Amino acid sequence: MAKTKPSSKGRKGRRNGKAAGESSERPQPPAQELLEHATASLQTGDPTAALKSAMKAYKQLQTPEQSSAALPALTLLGEICVELGLVDEAREYFTLATEADPDGSIPESQGGGAEKFLWLAQLSEEGGMESIGWFEKGAEVLRRQIAELSGLPGEEAGAAAHEKRHKLASALCGIAEVFMTDLSFDDAEAEQQCERAVSEALLIGPDRPEVLQTVASVRISQTKKPEAREYLSKSIDIWKDLRPEDPDVPEFPARISLARLLMEVDMFEEASEVLDRLVAEDDSSVEAWYLCGWCYKLFADRELQGSAPVSEGTLPLLRRSKKCLVECLRLFNFVDYEDDRLKEHAEEILQELGTALAGQPDADEDEDEDEDWEDDESAGDDETMEDDD
């Protein structure tokens, strides 16, 4: 039998294949699926896509009372906004998360736990005691979780407790750093609170580079340089022979801070090794090149110790300093870096280097030195490739 034509009524009742009254929008995936997609996008370096998916999930889960159902979306949105540099928005999402889980008792699998408190401590506008309060809130949650996990058998519980201890040690280091910066050591109680925080951090994470580095910073503030050097040496020894991608190697900004501390206690050789490694990992860092140039200049000044302006031993240090600072200023102009004081200091050191290197043969030697330095880096790359094979 021949097919009948759809009636004119039927044709008017449908548009683009959709029945009358049917929404023109495609149905949204469920919230859980959207959150999984957002998490995956964030982990693969696409925070913009992650934000879109997480916002869609939040709209599905949001309620007028701000119930705990929206916690996974709120926490994730906060982390995505941090990645995108949207500090105010991140702070707002984490604050909403604290309203839904005020004591951090909701499991992390449901968006609860300590993370939101620790983020708010770092994102606090006021800093000072407000940051301390959030850090302590997060630390309280972590201590409770560690106590709960310690009573459970199995490797999984042990690994989870180990991770919580690391987070607790980091939170305690954060408390100590706030006392050293926002809350001055002029207050005797502030120093006592700082000492209490680093002492607990050392008990929890005695083998954590971050903890040892923080203790060293505290000792420098207390003008106890010999103790600071000991802690800095221990911190470096933990990771100096590890590959860059190893999780025990501190993050780039932490190693920048480490280099500054090493220079402050006159450990120029160790600082130069840290900085050479940093510029090899990221040759676009203006601050790394600046510190590298400054470090080599200080290293040379110490080696001279009032002798002739330039000696055979210090000449390579001065040339390396010049090379680093020239690269620093080149990058400064290229990326329109905003720290004018850094530029002024780099230019000042270069003027001093110009005087110190005046009359010194530098063309052939500099070329040879650069080739040796590049060869060393190439050799390291070749070794890495061989290791990968």
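Which residues does Thr 98 touch, not counting residues up to four places away in sequence? In this predicted model, local features need pLDDT of at least 70 and side-chain atom pairs count only at pLDDT 80 or more, while totals for chains, interfaces and linings use all residues. Residues are numbered from 1 along each chain as its sequence is written, and side-chain values use heavy atoms, with hydrogens and water left out.

Thr 98 sits in helix α5 (residues 87-100); helices here are DSSP runs (H or I, at least four residues), numbered from the N terminus. Its contacts (heavy atoms within 4.5 Å) are with Lys 116, Phe 117, Leu 120 and Trp 134. Thr 98 counts as buried because its relative accessibility is 10%, the cut-off being under 20% relative accessible area with a 1.4 Å probe and protein chains only.

As for confidence, the protein averages a pLDDT (the predictor's confidence in each residue, from 0 to 100) of 86, and 83% of the residues score at least 70. Over residues 1-23, though, pLDDT is below 50, and this stretch has 7 contacts beyond near neighbours in sequence. Residues 363-386 also stay under 50, with 12 contacts beyond four places in sequence. Where pLDDT is low, the predicted coordinates should not be read in detail.

Turning to lining classes, nonpolar means Ala, Val, Leu, Ile, Met, Phe, Trp, Tyr, Cys and Pro, charged means Asp, Glu, Lys and Arg, and polar covers the others, Gly among them. On that scheme, the lining of the largest pocket has 17 nonpolar, 10 polar and 9 charged residues. A pocket is an open set of points on a 1 Å grid over the protein atoms alone, where a 1.4 Å probe fits, with protein on both sides within 12 Å along at least five of seven lines; lining residues have an atom within 4 Å of a point. Helix α8 gives the most to this lining, with 11 residues.

How values were computed: Helix = DSSP H or I, 4+ residues; strand = E, 2+ residues; numbered from the N terminus. Buried < 20%, exposed > 50% of the residue type's maximum accessible area, 1.4 Å probe, protein only.
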